[in-house]
Amino acid sequence: MLVGGRVALVTGGSRGLGRAICTTLAREGAFVAFNYARSDADADATLAAIADAGGRGSAHKVSVLDKAGLGALVKALDAVHGKIDILVNNAGFGQVVPLALMEESDWDDMLDTHVKGAFLATQAVLRVMVRERYGRVVNVGSLAGIKMMQAPVHYATAKAALKGFTEALAKEIGRYGITVNCVAPGILDEGVSDHLPPARKEEYLRHCALRRVGKLEEAADMIAFIASDRASYTNGATLVVDGAV
Amino acid sequence: MDCTSCDATPTRPDRPHTFFAHAQDTCPACGVAIEARVVLRDGAVVHLLRCLACGPQERTISDDADAWVRSFLDRGVVPDGLVGDHLFKHTTSTCPGCLALVTAQVVIRKDRVFFLKDCARCGPSEALVSEDASYYVKAYSFARAGTQPFLFRNGVEHGCPTDCGTCDDHEQHTCLPIVEVTDHCNLECPICIVDNQYSNHMEPATFAKIVDGLVEAEGTCESLALSGGEPTSHPQILELLRIACRPEIGRVVLITNGIRLGKDRAFAQAIRDLGVYVGLQLDGFTADVHEKIRGKDLVKEKAAALAAIAELDLPTQLIFVATRGVNDHQIGQVVELFLSGPQFLSLNFQPAAYTGHGGGTFGHDPADRLTIPGVIKRIDEQTGGKVKYTDFFPLPCSHPQCVSLTYLLRLGDGTSVPFARFVDFEKHATLLRSSATLPATPEVEDALTDVIHDVFARQDEIERGPEILAALRRSLDEMFPRKPLAPRETFRVSERQSKSIFLHHYMDRHDFDLERLRKCCHHYPQIDGRIMPACGFNMFHRGAAKGPNTPRARFGRAPFSLPVIG
């Protein structure tokens, strides 16, 4: 198993790619804690998926923008497990809106959830990782933050920011045995891609060498690998999972 | 960014070894007994010997320096049930009667450390050198390589201490040059460690040559202190200070009794305008203490000086000479004063050295005196643990037995917390390595990064952890503001982030230790160009090691006695 005996925290783990990440990490041996902001039913479904994968986990209803709540969550996990080995900054959402119609609140919500949320969750978890001199931080980026493609500007901006966040943080805390990487999926069959206009998907498929969208599990597998000791020398990297666009 | 028209200031090189101690040995060639310099070099332990007949020699003692150091420290463990003295090591000291260099046994007796000496002429003597044997022994583990000046004034001919100036066997550069610019004074202190002749005011041109010589030898100086006598007695003191204020000198310090500072506001303002720091002698708070130590009641004069310092916000170091039974009950009070004002940057305790015109005859018991651990213990007791015994560490810049210190971080509410509460100095020895203040070197930056992350990770366990993190954040904001600061402003801003308490035990005829002199970094530059380690100068050159008219060593040269450097 890739991450046997590890303790992971996945942000935004109740649905879509987050649930797939939780399930995959659990299948690969980790105890998986995840947070969510809205639906208890979705969280229960993720817990069930973790159990089905033969793993153990816990669900925590706290927003990634709630600094105190995240601090308490980390403290509680640390108290029980004595460590947090893996953090996956996955929390986010998609929104299709042109700049011309974008409200200031749209911009703020997008940047806050993706970027500030990653900052707050990482800062909270790093205390434990620095103490333990071990950690794997994986930020979930997007092809939209890397390549020129038609994507909502605030979404592309937020995902591009996570790439910078990854590279700078990797440099800053590598000395403590903590790696920081970014996994940037292309369009996947579920999750934030659900609401994409058909024309965008068609354009994507025209340029994708594999001529299909990805599966959630394919991105989650890469994340589990990057979070494992098998990827111990991979640091500050952004790994694209897009079937070659 | 480097200046395009100036060469970058070169960095002084490290010594090729870590000087550790002195030990008894014999010349490998002729067998004569010689005291060896024990150094750690490339993982080995080597005795460096200088035989007058055979020249320089060396002998490897161990190929495993770490193991050897551990065994050395183990020698300081007194066997259970031992009655009597436990021999720890040997060194060279002085006979308190005739000042001849004599071998001293360094022994541990009831948790204290003594020198046992036996002079062929004067007979046996004993001297207390540390009130805490554990501190004394452990201090050796802080030994670090010194750096060397670009220029040694003297070559080695007969060995330490006769070739001083410094010679190229000296193990540390000049961290703190102290220029005695006058031998006039407006006090006659019963504890005075110099020997004022009231006959010399240093000429500005001579002083300028001394500063030139320092810059030539050192490249840059973090500090330059002007002392005396009482330097404010010098009729051209402001001109001397102006000469000292040059780019190669980080901080110019005027060491003063404060009398002129308190009553001459124009002078105090001039000090401020020049950006000069004050080193204020403040050994107590009551008339009886002043009378015993400084010869007269100075309560009003000290209060006036402190008022001027506060009003003009003069950056100040407080200097407290601590004497057992005289002012050691006021140690806590000076710490409280020091902690109360942002203008006080450092506090320097000097356990009294019984040398000099006054100090040489000041009443004392060499076997029951204040040493560094005794002062630290009183700081702890008299501040109610605000600053604790365990907050202090030996400073490896000089010999680790010479100076102990603690840094205190200024928190947001104006109080301070000792760095030792959140920094593991045994792990981050770099932060203590080379200087009394923290230089902006990559090694220091690296260590500070670790410290920040350590506090970040353990903030719930560390006393006042979140406040410490907030203070560290404030320090970053103030030291690296959005609008760049001029270099001198940066210096001042960085100084405001923390305070330091030092204890520096100058030596006298009782506790003189040649091993300590070997790595001395507090130096008196002389008018003839020599740069003299302070305690060696006081012991052998000043002519007052036992009070007025003490005969000088045959190699002794009095201050102001040789031609001015060309």
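Here are a few questions and answers about this predicted model.

Residues count from 1 along each chain as its sequence is written, and chains are lettered from A in the order written. Local features need pLDDT of at least 70, side-chain atom pairs count only at pLDDT 80 or more, and side-chain values use heavy atoms, leaving out hydrogens and water.

Reader: How many salt bridges does a search of the whole structure find over all chains?
Author: Side chains of opposite charge can pair when their charged atoms come close. A salt bridge here is a side-chain nitrogen of Lys or Arg within 4 Å of a carboxyl oxygen of Asp or Glu. Over all chains, the search comes to 49.

Reader: Which residue forms a salt bridge with Arg15(B)?
Author: The closest N and O atoms of this pair are 3.2 Å apart. The two partners sit 156 residues apart in the chain, and both are buried (under 20% relative accessible area with a 1.4 Å probe, protein chains only; exposed is over 50%, partly exposed in between). Arg15(B) pairs with Glu171(B).

Reader: Is Asp25(B), the salt-bridge partner of Arg59(B), buried or partly exposed?
Author: The closest N and O atoms of Arg59(B) and Asp25(B) are 3.0 Å apart. Arg59(B) is partly exposed, at 28% relative accessible area. Asp25(B) has a relative accessible area of 15%, so it counts as buried.

Reader: Which residues are linked with Arg6(A) in a network of salt bridges?
Author: Arg6(A) forms a salt bridge with Asp229(A), with the closest N and O atoms 2.8 Å apart. That pair links parts of the chain 223 residues apart. The network joins Arg6(A) with Lys83(A), Asp85(A), Arg136(A) and Asp229(A).

Notes. Helix = DSSP H or I, 4+ residues; strand = E, 2+ residues; numbered from the N terminus.
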